Amino acid sequence: MQLDKSELIPHIKKTGGGHWLWRTGNKFAVIKRQGVQMSMRRAVWITFRGPISGNLQLSTKCGVKFCLNPKHLQLLPQGTANMLTHCLRGHRRSGANIYYNKGIAYCRACHLYHQLRYLRRTGRIR
Ligand SMILES: [Zn+2]
Ligand SMILES: [Zn+2]
């Protein structure tokens, strides 16, 4: 659901590091509108950055678990959002190992792994 920025901002407490925290202290903040429930994090992203397609999840990249700053959030493929520091296969989620495609953060090492598997499967390399 898209909200007006002026509806969200009074609820957000900005901290020294540029993090946005939900003022009420409800850490996993949820908002309801017209019977629809949504996490604050998603609502903030949609309001400031735009729609999220179904199979993507939001995750913080600043290390503050409950941060809502859209600049500190990133979209991740579903099922990987809990892996803040390492991906499914244990690669580091940082620096040069992260690449962005349409704003979505992917693990480069996994991408290479999948490419290699594909090439092997299709007989292009052994
Ligand atoms: Zn933050
Ligand atoms: Zn990986």
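**Core and loop in a predicted model**

Biologist: Which residues make up the largest nonpolar core of the chain, and how many are there in all?

Modeller: In this predicted model, the largest nonpolar core is made up of Trp20, Trp22, Ala29, Met40, Ala43, Val44, Trp45, Cys67, Leu68 and Leu73. Nonpolar side chains tend to be buried together in soluble globular proteins. The residues of this core number ten in all.

Biologist: Which element gives the largest share of this core?

Modeller: Two elements, strand S2 (20–22) and helix H2 (40–48), each give two or more residues to the core. The largest share is four residues, and the element it comes from is H2.

Biologist: Is Asn55 buried or exposed?

Modeller: Asn55 lies in the loop between H2 and strand S5 (56–60). Because Asn55 has 8 C-beta neighbours inside 10 Å, Asn55 counts as exposed.

Biologist: What distance separates the C-alpha atoms of Asn55 and Pro77?

Modeller: Asn55 touches Pro77 and Gln78, when residues up to four places away in sequence are not counted. Asn55 and Pro77 are 22 residues apart along the chain, and the separation of their C-alpha atoms is 6.5 Å.

Terms used:
Residues numbered from 1 in each chain as written. Chains lettered and ligands numbered in written order. Predicted model: local features only at pLDDT ≥ 70, side-chain atom pairs only at ≥ 80, totals over all residues. Core = buried A, V, L, I, M, F, W, Y, C linked by C-beta atoms within 7 Å. Buried ≥ 20, exposed ≤ 12 C-beta atoms within 10 Å, placed from the backbone. Contact = placed C-beta atoms within 7 Å.
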